[in-house]
Amino acid sequence: MTEQRVRWGVLATGGMAATFTADLVDLPEAEVVAVASRTEASAKAFAERFGIARAYGDWESLARDEDVDVVYVATPHSAHRTAAGLCLEAGRNVLCEKPFTLNVREAEELVALARERGSFLMEAMWMYCNPLVRRLKSLVDDGAIGEVRSVQADFGLAGPFPPSHRLRDPAQGGGALLDLGVYPVSFAQLLLGEPSDVAARAVVSEEGVDLQTGALLGYDSGALASVHCSIIGGTPNSASVTGSRGRIDVPYGFFFPDRFVLHRDGREPEEFGADPADGPRASLKHEAREVMRALRAGETESPLVPLDGTLAVMRTLDAIRDRVGVRYPGETEKDLQVTPA
């Protein structure tokens with residue numbers, strides 16, 4: 001795989017699968033060779049749209065396709081454990097959409113399976129692969145704003161979403177936290193690591209999913225992270241990190257920023273911008289390139305999106321859901337009884 005193109009399979013045919021596939025076919029080092037859906041008609045329509053050679057009406061056939069180097073799993077997250085597990089069991093490498101799974105128990109099962117098989121596995125947290133986000137982290141790690149005191153991040157959509165929408169459906173892992181809140185939590189943990197304490201409140205729908213959730217994450221260092229997500233109100237979708245000697249502000253769209261501003265005590269604000277060649281969703285291409293780089297290097301996980309970090313985020317999401325009382329069909333109380341590290 002060091003010189004030839006990386007051969008991708010796509011498992012699912014929804015909006016996210018289409019968006020990522022459109023970027024894949026635009027990358028000369030990638031080749032999308034197969035797609036799978038629950039129905040052959042859906043798979044064939046997707047294949048025709050993107051010029052994909054093979055279309056499968058079941059997931060197992062894609063998982064067994066030995067001409068596929070890596071499978072991109074873009075099902076609803078309630079099916080991530082099953083879909084990614086099928087592929088790993090069959091020896092495929094996997095890039096799995098976020099949130100990685102419904103809960104940390106499922107995530108631990110996938111990570112254990114990948115490590116047992118020696119297969120590559122990565123959560124599709126494209127934010128972590130964004131060069132500007134990586135630059136922000138580098139500045140923080142290098143002490144540009146001193147010791148980190150607090151992180152703030154929010155992600156909210158105005159909606160309204162009807163009860164029939166997947167975001168309101170418990171069977172599909174609906175709610176604001178897993179779909180949107182994974183970004184603020186992941187941003188906070190990128191800079192501060194896993195919290196030692198979690199407090200949270202939520203507005204819960206009649207169906208039993210969270211419509212709006214706020215959480216305060218505490219750290220042994222004394223730092224705090226305030227994260228918020230909503231599917232009933234559009235928020236600034238911004239983020240900031242404050243340190244003992246300054247602050248970094250990321251305006252709208254912190255998960256795929258086009259700029260951020262560094263404020264350092266006693267100095268003029270300094271703006272950092274994205275590469276002009278990068279569009280607003282270029283993070284997906286950066287994510288795909290990172291997967292292909294890792295595969296060519298023989299790595300089983302990415303240093304940008306390490307599996308232990310994914311598990312840590314899942315533990316925090318579980319802890320938040322435990323605090324607000326949101327559980328999905330088939331989950332038990334034990335599934336969410338997580339004490340952050």
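Modeller: A residue counts as buried when its relative accessible area is under 20%. Keep that cut-off in mind as we look around this structure, which is a predicted model.

Colleague: Thanks! Is Phe 254 buried or exposed, then?

Modeller: Phe 254 has 1% relative accessibility, so Phe 254 counts as buried. Phe 187 is buried too, with a relative accessible area of 2%.

Colleague: How should I read a pair of aromatic rings?

Modeller: In general, such a pair is described by the distance of the ring centres and the angle of the planes. Planes over 60 degrees apart count as edge-to-face. Here the count comes to eleven aromatic pairs. Take Phe 187 and Phe 254: their ring centres are 5.4 Å apart and their planes stand at 70 degrees, so this pair is edge-to-face.

Colleague: Where in the chain do Phe 187 and Phe 254 sit?

Modeller: They link distant parts of the chain, being 67 residues apart. Phe 187 belongs to helix α8 (residues 176-192), while Phe 254 is in the loop between β12 (246-250) and β13 (259-264). Both also belong to one aromatic cluster, together with Trp 126, Phe 155, Tyr 183, Phe 255 and Phe 256.

Colleague: Now the strands. What is the order of the six strands in the open sheet?

Modeller: The order is β3-β2-β1-β4-β5-β6, with parallel pairing. At the edges are β3 (54-56) and β6 (121-123), each pairing on one side only. On average, neighbouring strands of this sheet are turned by 25 degrees against each other, direction ignored. Val 71 stands opposite Val 94 in β5.

Colleague: And how does one look for empty space?

Modeller: The general idea is to roll a probe the size of a water molecule over the atoms, which shows where empty space is left. In this structure, a search of the whole model finds two cavities of 30 Å³ or more. The largest cavity holds about 40 Å³ of space.

Colleague: Which element gives the most to the lining of the largest cavity?

Modeller: That is α8, with four residues. The lining as a whole includes Leu 177, Gly 181, His 228 and Ile 320. By class, seven of the lining residues are nonpolar, three are polar and none is charged.

Colleague: What about the second largest cavity?

Modeller: About 30 Å³ of space lies there. Helix α10 (residues 307-324) gives the most to its lining, with three residues. This lining has four nonpolar, three polar and one charged residues, and Glu 123 is among its members.

Note on methods: Residues are numbered from 1 along each chain as its sequence is written. This is a predicted model: local features need pLDDT of at least 70, side-chain atom pairs count only at pLDDT 80 or more; totals for chains, interfaces and linings use all residues. Side-chain values use heavy atoms; hydrogens and water are left out. Rings of Phe, Tyr and Trp (its six-membered ring) pair if their centres lie within 6.5 Å; planes under 30 degrees apart count as stacked, over 60 as edge-to-face and the rest as tilted. Helices (H or I, at least four residues) and strands (E, at least two) are DSSP runs, numbered from the N terminus. Buried means under 20% relative accessible area, exposed over 50%, partly exposed in between (1.4 Å probe, protein chains only). Two strands pair if DSSP finds at least two bridges between them. Axes are lines fitted to C-alpha atoms, for helices over the stretch in contact, and angles run from 0 to 180 degrees between N-to-C directions. On a 1 Å grid over the protein atoms alone, a cavity is a set of points where a 1.4 Å probe fits but cannot get out, and a pocket is an open set with protein on both sides within 12 Å along at least five of seven lines; lining residues have an atom within 4 Å of a point. Grid points are joined across faces, edges and corners, and a volume is the space filled by probe spheres set on the points. Ala, Val, Leu, Ile, Met, Phe, Trp, Tyr, Cys and Pro count as nonpolar, Asp, Glu, Lys and Arg as charged, and the others, Gly among them, as polar.
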